[in-house]
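This report describes selected features of a single protein chain.

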Amino acid sequence: MSAVAAELVDVRKTFGPTVALDRVSLRAYEGEVHAIIGGNGSGKSTLAKVISGVLVPDRGQVSIFGKSATTPSESRALGIANVYQEVLVADECSVMDNLFLGADGLFGAAESHEVRYERARKVMAELLGFDLDPDTIVGELPLSIKQWITIARGMLTNPRVLILDESSAALDFESTERLFAKMREMKKDGCAVFIVTHRIAELVRIADRATVLRDGVSVGTLDKEDITEENILRLIAGPERELAHSSSKPVEKQAGRPVLRVNDARVWPDTARFDFNLYPGEVVGVTGLDGQGQADFVRALAGVQALLDGQIHIVRDKKAEPITSLATARENGIAYVSGDRKKEGIFPNLSIFENMAMPIYPDYSVGGFLNFIDRRKLDPIFVHETGKLATKMGHSGNLITSLSGGNQQKVLIARAFAERPGVLVLNDPARGIDIGAKLDLYRNLREFAARGNAVVFLSSEIEEFMDLCNRVLVFRGGVISSTFEPPFDAHAILNATFGRKPDARLPGEAREEQHGTGVRRVVMDEGRPQPRAVRLRPSINRRILMNQSGFLLMAPDIAQGGTIPDRFTEKNRRSPALEWESVPEGTQSFALSITDPDLPAEFNFPRSFAHWLVYNIPADARTLAEGASMTAAMPSGSQELNSDFVTFRIPGFGRGYGGPWPPDRSHRYVFTLYALKARSIELAPDADLPAFASAILPVTIDQTSFTAIYGPAKAALPAA
């Protein structure tokens, strides 16, 4: 057994009336990755700060290698490094300056500039997968690289204990894999790594042990073989709530007459009009890729914004009342909950009680024109509605900002239920709330609909609809492109959001291959280790695909995680069709790369292999046609560089697209589109991938990627 790196015994930490941690015990060993997981407000970040010495517990013992640290400086002396969820960088300073912030003593730096420059260059190359000049000003870099800088800052201290608090939140799939590789390397050197994350599928793959918190109390520690989504859900949510959810069924439509009608609607200009009816007893799911019109639709239903064209009517007592504003919606029994609680939900300077009860004050006032609030009637409503969602809070008179983000969201949902609406419109209401709270929300929505009410539920997490909804609407291009009814097929719904055929293969799903005399099942998952296959309601397996930012790159003929068709591979220099959407504001041009990170060791190549490098794609472009490379079909002004087939002197290749040709096994091919704040980039005609990255990254506003698979090759590479 390895030596104990960190041990906590009966730790308690309070903030005023709020108990953040209570009787928390934990033990972590050298050379292990120890996950800290739990629901909203469970105390995860507080526990991480207690371990690192940022917070001193009110009671209990914290031991790091047999010693106690009560200040961050003492923690650093013990070899503890903490990487916070917030991306804490100085935008005005260079990468190198940011990496070594806090490392110097009072009388100067302990290392020369040259030594630090080389250390900074090396660690960033390991984490990024390409070279980045340490003198680059951080403010010019995208968020994902800033996140890497905060992670590298902690790693450069050669810590004995590294704490990563939601540090993968801004990283994509490939970046997360590089982080995991570095964590495994640090494990071998004896470092104890704590990882705090909501991405349960990730920790299933990386964690050796996991401590689960519920309401500030450690409710269990799972060993490697027991870290499954099912066990995590049971500990986070509690067996009673899990059982209640697993035994529930969707409610059924109760009448043939709608309670809400939408006629001849348009939410975007120059699109087809559509109709929609909502019936008593229904829970209708609404989904789509980010920015496809579904948010405009649900906001219009609640009167938050107007339809571009068309009419919305609520039907009450056989009369149709028009919905033209938020006021007319509320007057006619429509309540709205937004997932953007900071912008559209909470009143930060008011109490928890006031935030929940304010809309119903007029219904419980006394004293005639004096209009006093009757707390005796409101208090039971407050307790009932917040209790239904298991809201964790202190005194109801505390500011709502004293709650965690997830518990703030529960208060907003409770507020909507307290208004006793007939129609509830939910705009991604479960954003930021934990699994247990979602189970409570689903149960309440079923009960609400079963009483003859109706719900419109927008979510990007398709599995939320499976045991909840009567119908699911998919938006694409500003219109309802598909409608699904039970039994739902999450595979088909997800493909509909991308505009693909229902049976197209998705990431992590198996395909059949002929193998000798039989058939074998081959699982494709972007070249990453497979998480354990467990049953979870709602499933988390595909959520990461839907939770990406709005900027999205797609290939009509290549599914995310799927196999690249033969016509785009090997000696066929035909480039695939690509399209993108939800372009970031301020984009002046685009750049594109297709790279292979899986070269065989015998190639002795220090970086990914570049198959296509394109820059100066004009800002108004949204597609590249199939076979466009090195033809007039490329957007005007676009420039193409040599592929690395030229680097390896493979005959038949030059400038432009070079198809995948993996000599040994299946390789990953990473398609990345960069949105740039520069109208044009100057590069030498023979520039390679490092030169391309050095020019592109400092002017990148945002980037979007997907990964596809191909290999082994059907023919050997031509001799150089």
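R12, D22, R23 and R59 are linked in a network of salt bridges, a salt bridge being a side-chain nitrogen of Lys or Arg within 4 Å of a carboxyl oxygen of Asp or Glu. The model is predicted: local features need pLDDT of at least 70, side-chain atom pairs count only at pLDDT 80 or more, and totals for chains, interfaces and linings use all residues. Residues are numbered from 1 along each chain as its sequence is written, and side-chain values use heavy atoms, with hydrogens and water left out.

**Salt bridges**

The search of the whole structure finds 27 salt bridges. Helices (H or I, at least four residues) and strands (E, at least two) are DSSP runs, numbered from the N terminus. R12 is partly exposed, with a relative accessible area of 23%, whereas D22 counts as buried at 14% relative accessibility. Here buried means under 20% relative accessible area, exposed over 50%, and partly exposed in between (1.4 Å probe, protein chains only).

E126 is partly exposed at a relative accessible area of 36%, while K182, at 13%, counts as buried. The side chains of K187 and D208 form another salt bridge. K187 lies in helix α6 and D208 in the loop between α7 (200-206) and β8 (209-214), so the pair ties together parts that are 21 residues apart in sequence. K187 is partly exposed, with a relative accessible area of 22%.

| Salt bridge | N to O distance |
|---|---|
| K187 and D208 | 3.0 Å |

**Strand β8 and its partners**

Strand β8 is mostly covered, five of its six residues being buried. Strands count as paired if DSSP finds at least two bridges between them. Strand β3 (residues 33-38) runs parallel to β8 and is joined to β8 by five bridges; G38 has L213 of β8 as its bridge partner. Strand β9 (residues 217-223) is antiparallel to β8, with six bridges between them, and T211 stands opposite T221 in β9. The hairpin of β8 and β9 has two residues between the strands, and in this hairpin D215 takes a positive phi near 55°.

**Helix α17**

Helix α17 (residues 490-497) is mostly covered, with eight of its eight residues buried. Among the buried residues are H491, I493, L494 and N495. Just after α17, G499 has a positive phi of about 75°.

**The second largest pocket**

On a 1 Å grid over the protein atoms alone, a pocket is an open set of points where a 1.4 Å probe fits, with protein on both sides within 12 Å along at least five of seven lines; lining residues have an atom within 4 Å of a point. The second largest pocket holds about 900 Å³ of space, a volume being the space filled by probe spheres set on the grid points, which are joined across faces, edges and corners. Its lining comprises 36 residues, of which L128, G129, F130, R178 and S608 lie nearest the centre of the pocket. Elements that give two or more residues to this lining include α4 (113-128), α5 (143-155), α6 (173-188), β26 (589-596) and β30 (667-676). The most is given by α6, with five residues. By class, the lining has 19 nonpolar, nine polar and eight charged residues. Ala, Val, Leu, Ile, Met, Phe, Trp, Tyr, Cys and Pro count as nonpolar, Asp, Glu, Lys and Arg as charged, and the others, Gly among them, as polar.

**A buried loop residue**

S629 is found in the loop between β28 (623-624) and β29 (639-640). At 10% relative accessibility, S629 counts as buried. Leaving aside residues up to four places away in sequence, S629 touches S575, W612, M634, E640, G656 and Y657, contact meaning heavy atoms within 4.5 Å.

**The chain overall**

The protein chain has 20 helices and 31 strands, and buried residues make up 54% of its 720 residues. Among contacts between residues at least 6 apart in sequence, 69% join residues at least 24 apart.
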